[in-house]
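Please open the model in your viewer and keep the sequence panel beside it. The tour goes from one selection to the next and says what is found at each stop.

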Amino acid sequence: MARLILFNKPYGVISQFTDRSAEGARPTLAQYVDVPGVYPAGRLDLDSEGLLLLTGDGRLKARIADPRFKLAKTYLVQVEGEPGEDALAALRKGVKLKDGLTRPAGAERIAEPPLWPRDPPIRVRKSVPDSWLKLTLREGRNRQVRRMTAAVGHPTLRLVRWAIGEWSVDGIAPGEWRAVEV
């Protein structure tokens with residue numbers, strides 16, 4: 001059995017244990033996960049929150065991160081505006097981006113989920129409504145969810161990865177983690 005860490009990555013934390021960027025001193029995984037020999041199985045952008053899986057098992061890491069396995073990744077996405085059926089249908093069919101057509105995604109409007117507050121809060125414009133989507137992807141291009149929602153006319157305001165395959169961030173507070181055996 002392999003050990004898998006389910007970490008709820010807060011907004012503003014980089015998905016690495018060290019920060020070698022010019023900015024330096026950004027929060028890293030090392031400030032939250034004090035477990036030797038584990039590494040992220042995939043990435044989650046600095047300005048995204050939610051589930052990040054870590055393991056020291058190379059085969060498990062490959063199964064999680066390698067696009068060949070097409071492991072479903074579910075995101076809760078707060079977007080600008082109120083996407084209609086045309087926008088949802090485009091997401092479900094696949095969206096043309098600069099690097100090609102995306103795979104079809106699961107896409108549905110949902111009620112505002114009971115999430116933790118984000119620090120800092122999203123920008124709010126009184127003249128523009130916002131709404132929530134649940135998107136399920138089986139590929140992982142760079143900033144894909146943000147690019148897809150923008151392409152259908154509804155830029156992302158907040159992005160939370162809720163689940164990867166059978167694993168979910170449900171019940172794990174931001175900055176906290178839980179270990180499971182797989």
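**Stop one: the aromatic pair**

The count of aromatic pairs comes to one, where rings of Phe, Tyr and Trp (its six-membered ring) pair if their centres lie within 6.5 Å, and planes under 30 degrees apart count as stacked, over 60 as edge-to-face and the rest as tilted. Select Phe-7 and Tyr-32, which form a tilted aromatic pair with 5.7 Å centre to centre and 45 degrees between the planes. The pair links distant parts of the chain, with Phe-7 in strand β1 and Tyr-32 in the loop between β1 and β2, 25 residues apart. Phe-7 counts as buried at 0% relative accessibility, whereas Tyr-32, at 30%, counts as partly exposed; buried means under 20% relative accessible area, exposed over 50% and partly exposed in between, with a 1.4 Å probe and protein chains only.

Before moving on, bear in mind that this is a predicted model, in which local features need pLDDT of at least 70 and side-chain atom pairs count only at pLDDT 80 or more, while totals for chains, interfaces and linings use all residues. Residues are numbered from 1 along each chain as its sequence is written, and side-chain values use heavy atoms, with hydrogens and water left out.

**Stop two: strand β1**

Now select residues 3-9, which make up strand β1; helices (H or I, at least four residues) and strands (E, at least two) are DSSP runs, numbered from the N terminus. Six of the seven residues of β1 are buried, so the strand is largely enclosed by the rest of the structure.

**Stop three: the salt bridges**

A salt bridge is a side-chain nitrogen of Lys or Arg within 4 Å of a carboxyl oxygen of Asp or Glu, and by this rule the count comes to eleven. Select Arg-143 and Asp-45, whose side chains meet in a salt bridge at 3.1 Å, N to O. This pair links distant parts of the chain, since Arg-143 lies in the loop between β8 (130-137) and α3 (144-151) and Asp-45 in the loop between β2 (39-40) and β3, 98 residues apart.

Next select Arg-146 and Asp-47, which form a salt bridge at 3.7 Å, N to O; Arg-146 is in helix α3 and Asp-47 in the loop between β2 and β3, 99 residues apart. Arg-146 counts as buried at 13% relative accessibility, whereas Asp-47, at 22%, counts as partly exposed.

Move on to Arg-125 and Glu-80, which form a salt bridge with the closest N and O atoms 3.5 Å apart. Arg-125 lies in the loop between β7 (106-110) and β8 and Glu-80 in strand β4 (residues 73-80), so the pair ties together parts that are 45 residues apart in sequence. Arg-125 is partly exposed at 43% relative accessibility, while Glu-80 is buried, with a relative accessible area of 15%. Finally, display Asp-45, Asp-47, Arg-143 and Arg-146 together, which salt bridges that share partners join into one network.
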